[in-house]
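Open the model in a viewer and keep the selection tool ready. The stops below go one selection at a time.

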Amino acid sequence: MSPASPSSPLGAAITAYVDRQRSLGLQYDKEARILQQLDTFLAESDHSDLTASGFNDWALTLEHLTPQGRRKKMRIVYRFTLHRRHTTPECFVPDPAQFPAPSPAPAPWIFSEQQILALLEQTGQLQPAPQSPLRAHVYRLAVVLLYTAGLRRGELVRLRIGDYAPSRHTLLVRVSKFRKSRIVALSPDAWREMDAYLRPRLCFPHTASSPLLAHGSRADKAFSGSTFGKGFRQLCRDGSVLTDSGRPPRVHDVRHTYAAHVLLRCYRDNRNPQAVLPILSRAMGHASLASTAYYLSMIDPILEQAAQQVARHVGPLLAGNPGGSHG
């Protein structure tokens, strides 16, 4: 909690809760800011505790946000109150049924191989800037790692120089979603790109804990997810890589593309994609195979490839028995 901010009687409970979440390995910075904003609001409004009335008044301060933005902040408070109920059974817990309705997850956009190549080519047009001397190198490596390793945006921007093991050509992805860490083996193309990137990167002052993808005049600052996302969307616009609606794809769509293309290659090589799912699941850091199997049934290019594979195998059988009956 910030010492400059007024604190309500709830402040100590919020501080203890944030400390607990961070002790579990979570960064919890955004959530801490939202809970601090709630605490400051309650203090300035002379609320002695969080009540239904106080929660509703605080929620009204979020009206400028989108429904999903309001929902996310309200759910952070909801999870805090659920935890607080363990020690304070009579405390107020908001009803999530009264929150803005969740919106459906956006459909994944799958890049073509040509579009990935277009992005890589576009990175070569990026010019260094006083606050981003490695701009072209950073975005080229970022596209390569997103596409060949299926990293999440947060995982990418949190990478440190020491997370790369050049002798083994692996990346250590530290505690990420579901509080899981994993080691990702880089493809030959990816580790060659990594080695090429490190030559200019290591010319700047660094330690093993320095950000891998860095900006700032001394290349000592890590990207935030939003800053990197903004640069990525501009890269897509400049490279004319747009969705059917004319919008630039999301960074996360490259992760979807990684999974889709791995499975597409299985179909094209006449390999069983089911056998690849456990390997792909571990590489992507999924909590279960069900998350990975999503790509088998939900992505149109994969369905098209599956239909073609079935046609290749079943077609000759049907041609050889035109009068056969269907069971």
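Buried means under 20% relative accessible area, exposed over 50% and partly exposed in between, with a 1.4 Å probe and protein chains only. This is a predicted model, in which local features need pLDDT of at least 70 and side-chain atom pairs count only at pLDDT 80 or more, while totals for chains, interfaces and linings use all residues. Residues are numbered from 1 along each chain as its sequence is written, and side-chain values use heavy atoms, with hydrogens and water left out.

Select C266: its relative accessibility is 1%, so it counts as buried. Then select C203, which is exposed, with a relative accessible area of 64%. The structure holds zero disulfides (a disulfide is a pair of cysteine sulfur atoms within 2.5 Å).

Next, select residues 135-149, helix α6. Helices (H or I, at least four residues) and strands (E, at least two) are DSSP runs, numbered from the N terminus. The expected span is 1.5 Å times one less than the number of residues; for the 15 residues of α6 that gives 21 Å, and the end C-alpha atoms are 21 Å apart, which agrees. Buried residues in α6 include V138, Y139, L141 and Y147. G150 follows α6 and has a positive phi, near 65°.

From Y147, go to A259, 112 residues apart in sequence and 9.0 Å apart in space, C-alpha to C-alpha. A259 lies in helix α10, residues 252-268, and at 0% relative accessibility counts as buried. Show its contacts (heavy atoms within 4.5 Å): leaving aside neighbours within four places in sequence, A259 touches L280, M284 and Y295.
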